[in-house]
Amino acid sequence: ATGLSCTNCASPFASPAATTTYIVTGNNSCFTSFDTIMVTVNPAVSASAFGGITVCPGDTVQLSASGGETYSWSPETGLDDPLSQNPLAVVTGNVTYTVLVSNQFGCTDTASVTVDVFFVPDITITPYPDTTIYLGNSVMLVATGASTYSWSPPLYLDDPNSSSPTSVLPQDTITYYLTFISAEGCVLIDSVTINVKWDALVLVPSAFSPNADGRNDLMRLIVRGIFTLDHFYIYNRWGQEVYSTGNLDEATQSGWDGKFKNTVQPAGVYVYLVTGADHEGKTVQLQGNFTLVR
């Protein structure tokens, strides 16, 4: 009677814990007979999973399982082989892996293992991911989110351990790597590239309005990079020179205020000529016109 749902019925349910041979006896008013049937119980699966640990983001964890013949892990995210008994997992956040373990008889069982990830603050670098400057200029790098900072290489940096070092007059394009180590020993690396342009940029605005409103009141050169000014000339429509300078600081800072001989000049189109040289001594010459707006 072991494992049977009933013993005096025609169709009992059998759920034995081990392989069992059952004997059924049937009779009517004239005869009694019997027959046998064996219910085979296959070995059960007892699944186990290992590898629960707390790691840094992006670390690789060795998972393992036992108890059967075949294995299937889920979710598959980060696993090198989800059908392996001992897969490697690259984890970026807290995750629970479940393994389905089967034996040769098709019996199954499941087990789970959780991998936790240490919290590491987000590091932000400005400018990101890169910036472009002209030869002869400097640029400040600003990082936030960490408590300590280490920049490499230290070339051109005024303080490689500062959160906001300045790359002072870099001569060539360079990539800086910022390394942060958390209290748990997790290492986070980010980078920023400074592109250094060797060609000087010299521009003349297309218009200005010298009306003393504090906005666009001066006609000034816009210069980026290394540039030596020879002359900056401005002529009116009759070809009369109304402004000239050979001083780069004056040309880029004070410039022309729209007056000639202390007389306010009328609105209209004026012509400019700029001559100079770049850092290699190559001649730079610009000419064109701009509008004085009243």
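Isoleucine 234 has tyrosine 243 in strand 23 as its bridge partner. Strand 22 (residues 227-235) and strand 23 (residues 241-245) run antiparallel and are joined by four bridges; strands are DSSP runs of E with at least two residues, numbered from the N terminus, and two strands pair if DSSP finds at least two bridges between them. The two strands form a hairpin with five residues between them, and glycine 239 in the turn has a positive phi of about 85°.

The model is predicted, so that local features need pLDDT of at least 70 and side-chain atom pairs count only at pLDDT 80 or more, whereas totals for chains, interfaces and linings use all residues. Residues are numbered from 1 along each chain as its sequence is written, and side-chain values use heavy atoms, with hydrogens and water left out.

An open sheet of four strands has the order 12-18-17-15, with mixed pairing. Strand 12 (130-134) and strand 15 (150-152) lie at the edges with a single partner strand each, so one side of each has no neighbour in the sheet. From one strand to the next, the twist averages 25° (axes are lines fitted to C-alpha atoms, and angles between N-to-C directions run from 0 to 180 degrees). Strand 15 and strand 17 (residues 174-181) run antiparallel and are joined by three bridges; serine 152 has tyrosine 177 in strand 17 as its bridge partner.

Threonine 193 belongs to strand 18 (residues 187-197). Its side chain makes a polar contact with the side chain of threonine 175 at 2.8 Å (a pair of N or O atoms within 3.5 Å; within protein, one must be able to donate a hydrogen and the other to accept it, and residues adjacent in sequence count only if both atoms are side-chain atoms). Beyond its neighbours within four places in sequence, threonine 193 is in contact (heavy atoms within 4.5 Å) with Pro129, Asp130, Thr131, Thr173, Ile174 and Thr175.

The largest pocket holds about 340 Å³ of space. A pocket is an open set of points on a 1 Å grid over the protein atoms alone where a 1.4 Å probe fits, with protein on both sides within 12 Å along at least five of seven lines, and lining residues have an atom within 4 Å of a point. Of the 17 lining residues, Leu4, Pro12, Tyr22, Ile23 and Val24 are the closest to the centre of the largest pocket. Strand 1 (20-27) and strand 2 (32-39) are the elements that give two or more residues to this lining, and strand 1 gives the most, with five.

Notes. Points joined across faces, edges and corners; volume = space filled by probe spheres on them.
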